[in-house]
Amino acid sequence: MASNAELKSDAIFDLMKHFLETDEGKKVAKKVNLVYQFNIAPKKLGHDEVAYTVDLKNGEVKKGAVEGKPDATFSFKDEDFVKVSMGKMNPQIAFMRGAMKIKGSLSAAQKFTPDIFPKPSKM
Amino acid sequence: MAMRELVTGGAACAVPGSSSSSNPLGALANALIGSSSKTQGRLNEIPASTSTASEGGQFYSEIDEHLRALPGSKFDQQLLHPNAQGSEFLRGFRSTDQNALAEAWNEVQLQRPPVSPQVDLYGRTSSPQTQPSFDGPPQRVLSSFLHSFVDSSHGGIPFLPTPLPLLGLSEGDKQCIRDRSSIMARHFFADKSEEFINAQVNALLLSLDIDNDVQGKRPLPGRFRELEDYWNESQGVLRHGPHAADGWVAEFSQQRAEPSNPDAWAHSFEQQHGANGWVSEFEQSQLASVDQMRGGSIASLATMEQTRMLAHTLAQNDDPKFQNSKFLQFVSKMSRGELIIDDNQVKPNTLSATGNWATEYQQQYNVTPMWADEFAPPSSKLCVIQLAHGPDRWINEFTTGKEQGSVNDQWVNEFSKLHMNDWVEEFGHQVGEGALGDSSTDWANAYDEFLNEQVSAKQQSDASRGVYIFSDMNPYVGHPNPLKEGQELFRKGLLSEAVLALEAEVLKNPDNAEGWRLLGIAHAENDDDQQAIAAMMRAHEADPTNLEVLLALGVSHTNELEQAAALKYLYGWLRYHPKFGTLAPPELSDSLYYADVARLFNEAAQMSPEDADVHIVLGVLYNLSREYDKAITSFQTALKLKPNDYSLWNKLGATQANSVQSADAIFAYQHALDLKPNYVRAWANMGISYANQGMYEESICYYVRALAMNPKADNAWQYLRISLSCASRSDMLEACDSRNLDVLQKEFPL
């Protein structure tokens with residue numbers, strides 16, 4: 001249920017979750033085949049972070065940290081994550097600006113690109 | 001490579017509080033020098049470049065020459081060496097504008113949080129005559145003092161020695177300040193005589209209580225033989241300059257084996273570079289390299305990033321002459337990645353696969369101020385060593401050496417934390433996979449995007465604050481009845497034209513709610529929610545109870561994932577509704593909860609099940625909470641009552657798409673487009689639905705169609721780009737980036 005303080009990224013992860021149930025979603029998951037963790041901060045990087053697991057091995061998205069070790073962990077501000085997932089900001093640029101922080105394997109982090117996210121449609 | 005060290009210095013050498021990498025001049029020089037000789041042809045584009053640079057094969061001999069040179073004179077030689085690209089660049093720099101350089105420096109300093117009120121004050125005043133009083137903690141004093149030294153270059157006014165409190169600088173600090181100020185002064189005062197420069201530097205050093213004996217003689221090689229010898233002696237341990245590669249290796253092992261002096265190496269290393277500075281530099285470049293792996297070319301990244309900073313700084317200069325200067329063009333070209341100066345390549349043909357790796361590796365390391373360079377100033381030596389021993393062995397050697405130098409525990413720990421071997425393995429893997437292939441163009445494009453983003457940053461922030469942005473050229477300004485014209489155009493489906501006419505109307509009558517409302521709707525249908533929100537806000541201001549405006553604002557904010565704002569307007573819709581207003585207690589609007597609002601709307605729907613609008617708002621609300629099944633039901637109910645509402649069909653489609661029922665969504669969009677063929681949003685949504693089903697070729701056609709009708713639909717451009725890459729149509733990326741619709745439409749007709 002939505003509350004006033006909900007993160008925008010929530011919508012993206014929700015969409016991702018449904019997307020991974022489709023044929024194309026399964027294809028994308030199979031192509032990446034990694035487990036990512038996203039730490040999303042409402043305002044300031046590293047503060048009040050909410051963790052999400054995007055498991056592209058099993059095609060699952062859930063709130064909360066990865067059980068075990070993620071292949072790569074990304075930290076974002078809410079706004080920036082939305083921009084990156086919608087292709088408004090390139091991950092390289094996000095990284096360069098310090099809008100995205102990465103932990104974990106490099107080759108795993110590299111496979112994180114805007115095209116693994118489904119795009120939200122507009123009413 | 002010594003050149004780089006001089007310009008960048010170690011971190012300890014920088015103004016306290018900054019790291020050396022925050023100095024764009026140094027960093028640029030760094031990137032340039034670190035990456036100079038591969039593409040000589042491109043170098044010729046540097047303005048004021050007079051001589052050509054060395055060929056690849058010549059590189060060794062050049063280095064040897066540098067190595068044989070006396071360390072004491074090395075500085076000058078590096079600076080003035082006619083073949084050094086670095087000095088080429090610096091000369092080009094010098095010849096442009098002294099003040100710009102100093103300003104750039106100030107700019108950089110000011111970008112950091114103000115070090116002290118004095119600095120702030122001082123940095124902004126361009127009058128170098130006033131010498132401020134210096135007090136406060138040593139770091140601040142030193143910082144402001146160095147500022148004033150830099151400022152003194154503005155007018156070429158002699159810099160006077162100033163009494164300072166005891167700063168407690170270490171020998172290493174002093175040496176760094178000495179080195180750097182000497183170099184910097186030569187840039188600042190390039191038009192002045194040697195005597196003047198020396199006087200300036202000496203005044204600075206005197207004030208800082210730095211022994212300037214060494215300084216005094218260093219810039220004048222050959223004049224004081226004795227001192228020079230003394231200098232060589234004192235620096236001999238520190239810089240393994242005069243040894244060829246093998247000699248260096250030998251010396252390295254010797255030093256390791258020498259039990260009496262186990263710390264010397266680490267110590268001198270620390271002295272030279274500063275303990276923490278090195279670590280942070282390493283970390284930085286390590287992180288940067290993560291990014292590189294994607295972009296494929298560390299060289300372009302570092303260089304472009306540095307040049308971008310510089311270009312940005314330089315662009316602040318208002319002087320039109322300077323703005324048109326070749327130098328600025330050059331720098332901005334560099335920053336856009338149009339110009340790439342590649343690494344000083346040492347690529348003998350005999351390289352095996354390992355050698356290839358080593359070269360790549362070297363390339364990576366050279367550009368950013370990496371430990372590899374810092375470790376052995378003329379880094380090509382390092383390369384030689386690498387090639388001789390193979391990278392793994394070299395790393396082992398380094399590790400051993402590292403343990404010897406355990407004095408500096410901190411960086412050793414940091415270093416091991418970074419899992420060097422993992423990284424190396426990873427990198428080798430990457431190279432093996434060819435991940436570094438042609439992705440450099442990708443990178444350049446990304447960079448372009450970034451610059452565009454910067455340029456439009458102000459606009460964007462205006463729009464996100466709800467400020468409406470008017471078009472520049474508007475033929476409808478002066479039209480006798482722009483509102484009527486706008487309505488007419490809107491009805492004909494000429495949305496972009498309608499936008500212009502309606503803009504003319506609201507310019508004429510800023511309080512015309514209908515003008516703003518229709519403008520907002522035109523923007524929403526044109527797939528631009530930011531402008532739609534901005535226009536609707538004005539309509540809302542002019543007429544706070546207009547239900548259509550409130551609903552439109554609710555929808556647009558929902559599209560932008562802005563929950564709280566969307567909820568506010570949707571609740572407003574209920575509150576101002578003549579029939580349902582009684583349901584909505586005004587006090588609730590202070591603290592809105594989704595559940596409450598949804599409950600009230602359900603009550604309203606029960607009250608008037610035949611009112612399509614209630615179902616529409618309810619559908620939007622369910623979109624907000626992502627209860628898509630309920631939303632779809634609401635919209636379908638509304639459609640039974642209003643089957644010809646094209647925007648309602650689109651709402652249904654978008655909801656279905658967001659709950660990944662893409663096939664149904666496409667059907668709904670088609671309905672909307674049958675009713676309104678120029679509905680840009682529906683075309684773009686079609687593209688999204690095809691893309692989400694992996695049908696990228698189809699999605700491209702729909703995006704292009706949408707963009708043909710509204711080239712300002714930024715989202716569609718971004719999605720088009722993603723679809724082009726997914727469909728392996730990188731050949732059209734250029735057309736996409738340059739927004740060349742003619743080419744795209746020809747290639748992807750619908």
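## Helix packing and chain contact

Colleague: From what number are the residues along each chain counted?
Modeller: This is a predicted model, in which local features need pLDDT of at least 70 and side-chain atom pairs count only at pLDDT 80 or more, while totals for chains, interfaces and linings use all residues. Chains are lettered from A and ligands numbered from 1 in the order in which they are written, and residues along each chain, as its sequence is written, are numbered from 1.

Colleague: At what angle do α39(B) and α41(B) pack?
Modeller: Axes are lines fitted to C-alpha atoms, for helices over the stretch in contact, and angles between N-to-C directions run from 0 to 180 degrees. Helix α39 (residues 680–692) of chain B and helix α41 (residues 714–726) of chain B have axes 11 Å apart and pack at about 25°. Angles under 35 degrees count as roughly parallel, over 145 as roughly antiparallel, 65 to 115 as roughly perpendicular and the rest as oblique. The pair is therefore roughly parallel, at an angle of about 25°.

Colleague: How do the axes of α32(B) and α35(B) lie to each other?
Modeller: Helix α32 (residues 547–559) of chain B and helix α35 (residues 612–624) of chain B cross at roughly 20°, and their axes come within 10 Å. The two helices are therefore roughly parallel.

Colleague: Which helix of chain A gives the most residues to the side that touches chain B?
Modeller: In the contact between the chains, 37 residues of chain A touch 50 residues of chain B. Helices α1 (8–19), α2 (23–32), α4 (91–96) and α5 (106–110) of chain A each supply at least two residues of that side. With six residues, the one that gives the most is α1(A).

Colleague: How many of the 14 residues of α31(B) are buried?
Modeller: A residue is buried if 20 or more other C-beta atoms, placed from the backbone, lie within 10 Å of its own, exposed if 12 or fewer, and partly exposed in between. Those buried in α31(B) include B:Ile533, B:Met536 and B:His540. The helix is mostly covered, and its buried residues number eleven.

Colleague: Is A:Asp48 buried or exposed?
Modeller: A:Asp48 is placed in the loop between β1 (35–41) and β2 (50–55) of chain A. Its phi is positive, about 50°, although it is not a glycine. Because A:Asp48 has 10 C-beta neighbours inside 10 Å, it counts as exposed.

Key
Helices (H or I, at least four residues) and strands (E, at least two) are DSSP runs, numbered from the N terminus. Two residues are in contact if their C-beta atoms, placed from the backbone, lie within 7 Å.
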